[in-house]
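Please look through the following structure with its aromatic rings in mind. The briefing below takes up ring pairs and then charged groups over rings.

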Amino acid sequence: MTTCNFYIDGAWCEPLQPGTPHPIINPATEQSVGTVAMGGALDADRAVMAARRAFDAYSQTTLAYRTEMLHKLQGIFERRYTEMAQAISTEMGAPWDLAYDSQAECGPGHIKATLEAAKDYPFEVKSGKGDLLCEAIGVCVLITPWNWPMNQVVAKLAPALLAGCTVVLKPSEFAPLSAKLVGEYMDEAGYAPGVFNMVYGDGPVVGAALSAHPEVDLVSFTGSTGAGIAVAKAAADTVKRVVQELGGKSPNIIFADCDVDASVARGVKRCMNNTGQSCNAPTRMLIEKSVYAQAVAAATKAGANVRVIQPTEKGDGIGPLAMKRQFETVNRFIDIGMHCGARLVVGGPGRPDGFDAGYFVKPTIFADVTNDMPIARQEIFGPVLCLIPFEDEEDAIRIANDTPFGLAAYLSTNDKVKARRVAKRLRAGNVSVNASGNEYCNPFGGYKQSGNGREWGRFGLQDFLEYKIINGL
Ligand SMILES: NC(=O)C1=CN([C@@H]2O[C@H](COP(=O)(O)OP(=O)(O)OC[C@H]3O[C@@H](n4cnc5c(N)ncnc54)[C@H](O)[C@@H]3O)[C@@H](O)[C@H]2O)C=CC1
Ligand SMILES: O=Cc1ccc(S(=O)(=O)O)cc1
């Protein structure tokens, strides 16, 4: 049984204001594997003040020193890679190949991208007659979710450290094991006390106290749009910067001129990946009417072929949802889909055959969905795909953009001119043509209610920097 405690001022410690410990539930077995200590506002304050005390010295260290420290941290992430994959798989249910090849890889992946970006980042340049400096913004609070825990923690932590910021990490109480390892790695790397601090706690208490704290200069938040709005409101009175990476309901446009069967199969797989718990999952497949019947048949076949597996099993497949609450939410949406006029072609409510325990759900696909149905408008965060027909290019763009979100968009066509034309009109931060993937060096983030910042590589670094112009030197 693991106990996850706080890491403040260079030491592991228990909360000053303990709440009820949060059980760590393995979502595949529903068994407890440990507890997370939950704190209160006093703990938030203690961590912020440790980061504040450390800021002056750490922010004045040389870029060469911070680069060397980050290289050291990268080495630790690489050496202790397998235990990170194990922690992620246990806490949120990612099957082994996904946990090992993708989830854990995000840690060293983002560190490398940050180090690469820093090599030619214009930290000090001439501007007019003045000297333009990009300096550490200050004490940063990092609030992260449970769905891609290392992606979200390290995409924030690596640039913050490189920039010279000190941090307080508040990971999700549903992903405490991987965060505990990050604390151990930071300790092992030898960062000075107070540079990195970590507290666990729920959003409305600890998250809110951190967001409102007057000694915090920036909050970098990833999670639901509702919680992101609460963070921004709590932060407003102290005029701190807030960077939000929020939800999505991303369209995947299948034009008739593409290889329909292959594109649809790829779209189904990508939607179901991580059991549908990705902010950028392509959950609305928009299909040109002339190939709609063919595409529905291809989606039905591909959906039926998605294997549901135990997290310990190797190979392709989806694991359980991360927690009971998600299990209930996803089943509720499947039920809504069945009663709002959509046609269920794969899956349905309840656990798949052969699974008597765990938060496993069936990969589920609805055809004949219209974009005004709740299953097409709200982020379900489960393996649920909506198939929506469209008339022509204009109609596809209209439906794709008819959402409060704007994180990602996907399209398949053999016509490159059309692909560029459509991509330019999609109101989304990341557009993938013909199943291309993301690269750590490029910006990740959303338009509209999907957020207001960009993470990854030099774009992530920018968030943690403040401009200063010095005239007269
Ligand atoms: N964009 C993304 O990557 C994610 C989106 N979501 C969406 O959110 C839904 C609910 O998942 P949750 O885990 O409940 O997400 P959430 O947004 O409540 O939690 C994410 C993080 O925010 C913190 N938080 C929550 N309320 C807060 C507040 N008022 N002030 C400060 N921090 C706060 C949580 O403790 C956690 O660390 C999902 O079904 C999904 O739709 C969830 C996780 C990640
Ligand atoms: O939810 C965060 C997330 C998940 C996956 C990816 S990627 O498309 O695999 O790069 C990005 C962000």
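Rings of Phe, Tyr and Trp (its six-membered ring) count as a pair if their centres lie within 6.5 Å, and a pair is called stacked with planes under 30 degrees apart, edge-to-face over 60 and tilted for the rest. The model is predicted, so local features need pLDDT of at least 70 and side-chain atom pairs count only at pLDDT 80 or more, while totals for chains, interfaces and linings use all residues. Side-chain values use heavy atoms, with hydrogens and water left out, residues are numbered from 1 along each chain as its sequence is written, and chains are lettered from A and ligands numbered from 1 in the order in which they are written.

**Aromatic pairs and a cluster**

- Tyr7, Trp12 and Phe196 together form one aromatic cluster.
- Across the whole structure, a search finds 14 aromatic pairs.
- One of these is the edge-to-face pair of Trp146 and Phe381, at 5.6 Å centre to centre and with 85° between the planes.
- Trp146 lies in the loop between strand S8 (139-143) and helix H6 (149-163), and Phe381 in the loop between helix H13 (374-377) and strand S17 (384-390), so the pair ties together parts 235 residues apart in sequence; helices (H or I, at least four residues) and strands (E, at least two) are DSSP runs numbered from the N terminus.

**Burial**

- Trp146 is buried, with a relative accessible area of 8%, where buried means under 20%, exposed over 50% and partly exposed in between (1.4 Å probe, protein chains only).
- Phe381 also counts as buried, at 14% relative accessibility.

**Charge over a ring**

- Lys418 lies over the face of Phe255, at 4.2 Å from the ring centre; the criterion is NZ of Lys or CZ of Arg within 6 Å of the ring centre and within 35 degrees of the ring normal.
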